[in-house]
Amino acid sequence: MQQQTTSVAVGDILGMKDLRDSPFDLVQAVRRGLPYQSVTKVAEALDLSTNQLAKYLPVTARTLQRYQKEKQKLDRDLSDHLLQIARVFARCRQVMEDGERARRWLQTPSIPLGNVPPMSLLDTYTGVEMVMDELGRIEHGLAA
């Protein structure tokens with residue numbers, strides 16, 4: 001049941017309310033390419049500008065602007081990375097039980113994560129895994 005809640009939240013964060021909650025559906029959405037609107041929705045959820053969000057994505061802010069201007073779907077790698085950031089925020093929101101607390105936690109240096117803000121790790125898949133693992137420890141009361 002927990003995974004279902006997180007996946008539904010991922011669709012909401014991406015601005016794709018009709019995105020079903022199964023991992024297979026998420027994979028299919030990434031393969032088709034997410035709409036540019038998902039970039040703006042994730043940025044809004046994290047209280048960032050799209051230029052700030054671009055720092056955590058495998059493209060430049062200018063490339064994001066080109067996707068917007070040309071009304072193109074995001075490529076597979078960009079779609080997947082954006083989905084991973086949305087998953088982190090959905091999980092964080094679930095663990096912190098509040099969107100504002102989740103955003104604050106993502107921006108606050110974390111000793112278990114090398115005393116850097118968790119958000120700063122989201123530019124790599126390894127960083128995403130580290131943050132997700134830390135959220136699991138917090139949820140189970142194992143945080144340092």
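Modeller: Of the 144 residues of the protein, 44% count as buried. Buried here means under 20% relative accessible area, exposed means over 50%, and partly exposed is in between (1.4 Å probe, protein chains only). This is a predicted model, where local features need pLDDT of at least 70 and side-chain atom pairs count only at pLDDT 80 or more, while totals for chains, interfaces and linings use all residues. Residues are numbered from 1 along each chain as its sequence is written, and side-chain values use heavy atoms, with hydrogens and water left out.

The protein has 8 helices and 0 strands. Helices are DSSP runs of H or I with at least four residues, strands are E runs of at least two, and both are numbered from the N terminus. Along the sequence the pattern reads α-α-α-α-α-α-α-α. The C-alpha atoms fill a box of roughly 45 × 30 × 25 Å, taken along the principal axes. The radius of gyration is 15 Å, which agrees with the value near 15 Å for a compact globule of 144 residues. That radius is taken over C-alpha atoms, and the globule rule is 2.2 Å times the number of residues to the power 0.38. Take contacts between residues at least 6 apart in sequence: 55% of them join residues at least 24 apart. A contact means heavy atoms within 4.5 Å.

Which residues of H3 are buried? They are Ser38, Val39, Val42, Ala43, Ala45 and Leu46. These residues sit on the same side of H3, because they cover an arc of only 160° around the axis. The arc is that of the directions from the helix axis to the C-beta atoms.

Lys41 is also found in H3. Its relative accessibility is 31%, so Lys41 counts as partly exposed. Leaving aside residues up to four places away in sequence, Lys41 touches Ile13, Leu14 and Gly15. Gly15 is 26 residues from Lys41 along the chain, yet their C-alpha atoms are separated by 5.7 Å.

What follows H3? Asp47 does, and its phi is positive, near 60°. Asp47 is not a glycine. With 61% relative accessibility, Asp47 counts as exposed.

Lys71 lies in the loop between helix H5 (61–69) and helix H6 (76–96). At 74% relative accessibility, Lys71 counts as exposed.

Asp25 is another case. Asp25 lies in helix H2 (residues 23–32). Its relative accessibility is 16%, so Asp25 counts as buried. Asp25 touches Leu19 and Arg20, not counting residues up to four places away in sequence.

H6 and helix H7 (residues 99–107) pack at an angle of about 115°, with axes 8 Å apart. The contact residues include Phe89 and Met96 of H6, and Trp105 and Leu106 of H7. The residues of this contact divide into 7 nonpolar, 1 polar and 3 charged. Ala, Val, Leu, Ile, Met, Phe, Trp, Tyr, Cys and Pro count as nonpolar, Asp, Glu, Lys and Arg as charged, and the others, Gly among them, as polar. Axes are lines fitted to C-alpha atoms, for helices over the stretch in contact, and angles run from 0 to 180 degrees between N-to-C directions.
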